[in-house]
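Biologist: I would like to learn how to read a fold, feature by feature. Where do we start?

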Amino acid sequence: MARLVWAGFAGWLAFGALVVGGVPVGVPLWLRELLGVRTPVEAIGERLFRTLPPETFALLVNVLEDAGRRYLGVTHLAKTAALLGANGVVFVLGAVGVWAVRRWTPANPWSTAAALAVGSWLAWSLVLLPLAGAGLVGAGLGPPLAVAASLAAGSLVYAALVAVALPRPSPQATGGTLSRRQALRDGVRVVVGLVVGSALGLWLERAAAWAQSVFERIRGLPPEVTPNSEFYTVSKNFFDPEVDARSGRLEVSGLVERPFRLSLEELKALPGYSRPHTFECISNPVGGDLIGNAVWKGVRFRELVERARPRSTARKVVFWCADGYHTALPLADVLDPESFLAYEMNGEVLPKSHGFPVRAVIPGLFGMKNPKWITKLELTDKDHLGYWEQQGWSDEAVVKTMSKFTTPTDGATVPAGTVGVGGVAYAGDRGVSAVEVSFDDGRTWRRAELKPAMGKHTWVLWGLLWDAKPGRHVLKVRARDGVGTLQDGRSRPPLPEGATGYHTIRVTVR
Ligand SMILES: Nc1nc2c(c(=O)[nH]1)N[C@H]1C(S)=C(S)[C@@H](COP(=O)(O)O)O[C@H]1N2
Ligand SMILES: [Mo]
């Protein structure tokens, strides 16, 4: 038993602390910096956290963080707990390793150690780290060579510590010289095994990288779902309105038989509807950042408007908002089964800046037709020019087919060789069928690969690998929408209908 505890300790020490870690003791943290690697323990800790359902995860983090601050006066108790948990896992694995290896190499502690070293390297490189999401041979942790070397060194240290702790067979049984020679031979075998294993692992890793889709190889693509904190915000306000969700009501009135008012609670009790949707501001310039994609949840307008029994003369819906903003949409667009009133964004309560408590999500139209902080839907038989529309912006506001580079960036210098090129493309409810890239200022075009869109109303991520030759290059990108219509290449400013023209970047290859 004591030996197993020792073995667990050795495994933990070797991987967690001595080699690439320093997590438990804090001392060799400089090694982490020096080698530029994340520790296996970190990877396992993150994995442990990620296997939890998101709600449980959030709850756990909150409870732990709260308890940490309140009772221990520490921040990030949740992270510490995860690391301790991961350390525990490593500890147990170390003990199990020794127990298993001792069963079939009981005679000589050095043979046991040798088997352990290779076994532990194999287990970490090919099983544990891939399972922890850190890639084959832990390539996701840092520079593959540094990781492979660290793993090999860790395995050696681990095995050596275990060998020291194991009882030595009596000299009569084996003969001192023999066991020394045996130890030497075992040692050589282990080193050869680790070197060959590391080389094989690195080669496998490279082979696996080739088999990966371009999207895993291109750095600099945005996440497909934009986190709420990074989602662009546009409003006419200096200070966004503070809506009290308890006293506030949503009104549906105008040309209806039965006008009504609903609280947020009542809205949430209606059948829910959720889907991903990309917003782009009509004032987004070519190549601009006023675009983002999120999963929204709420209730279909249909559910609300039909409940009020629209009069047959109603043609339009005017949306009135708490900040004085207003905009109008054809009633048919509002009744579209894919139009809805959202109260959630990416699983969170709709953030204040995105329209708390409720905002509209309408297929195919620019952001301005997706009012936030809505207080009233008024059905009418008249046309109505909204806040931006009165200032000359389009009343139709149909999304123009767009595409842009997110990597490389304009003016970037990149090393010659294979360069990952990629970005996003969006065409409202028409969808994107193709993206083409030119590396010679628009003379010739190459098809990019598209990552399948999350939904009918979302952007797509696109990418391709460019064999970049030294020199200065002008890159352009263009998309085709769902029916194959090519993006408009004429350069036009955002006002009044949304910008057109191809995103063009200059890249220097050295
Ligand atoms: N009430 C209200 N809704 C509004 C606006 C506003 O100023 N007030 N701006 C619109 C514009 S121009 C855009 S682009 C989108 C932006 O939505 P987001 O901030 O959630 O990205 O909200 C639209 N809805
Ligand atoms: Mo906008």
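Predicted model: local features only at pLDDT ≥ 70, side-chain atom pairs only at ≥ 80, totals over all residues.

Biologist: What holds paired strands together in general?

Modeller: Backbone hydrogen bonds, and the pairing is either parallel or antiparallel. Now the case here. Strand E13 (residues 417–426) runs antiparallel to strand E17 (residues 460–468), and nine bridges link the pair.

Biologist: Which residue in E17 stands opposite Gly 417?

Modeller: Ala 468 does.

Biologist: Next, backbone angles. Where is phi positive in a residue other than glycine?

Modeller: Ala 397 is one of the cases, with phi near 55°. Ala 397 sits in the loop that connects strand E10 (374–380) with strand E11 (402–407). Asp 441 is another residue other than glycine with positive phi, near 60°. Its loop lies between strand E14 (432–438) and strand E15 (446–447).

Biologist: Is Ala 397 buried or exposed?

Modeller: Buried, because its relative accessible area is 1%, and the cut-off for buried is under 20%. Asp 441 has a value of 40%, so Asp 441 counts as partly exposed.

Biologist: Now peptide bonds. What is omega for the bond from Phe 356 to Pro 357?

Modeller: Omega is near 5°, and the bond is cis. Pro 357 belongs to the loop between strand E8 (348–349) and strand E9 (359–361).

Biologist: Which residue is joined to Pro 496 by a cis peptide bond?

Modeller: Leu 495, with omega about 5°. Look for Pro 496 in the loop between strand E18 (471–481) and strand E19 (503–509).

Biologist: Last topic, the surface. Which residues form a nonpolar patch there?

Modeller: Leu 122, Leu 126, Val 127 and Leu 131. Together they have about 340 Å² of accessible area.

Methods
Residues numbered from 1 in each chain as written. Chains lettered and ligands numbered in written order. Heavy atoms only, no water. Patch = residues over 30% accessible without salt bridge, like charges linked within 9 Å, V, L, I, M, F, W, Y side chains within 5 Å. Areas by Shrake-Rupley, 256 points an atom, 1.4 Å probe, with all protein chains shown as cover. Salt bridge = Lys/Arg side-chain N within 4 Å of Asp/Glu carboxyl O. Helix = DSSP H or I, 4+ residues; strand = E, 2+ residues; numbered from the N terminus. Buried < 20%, exposed > 50% of the residue type's maximum accessible area, 1.4 Å probe, protein only. Pairing = 2+ DSSP bridges.
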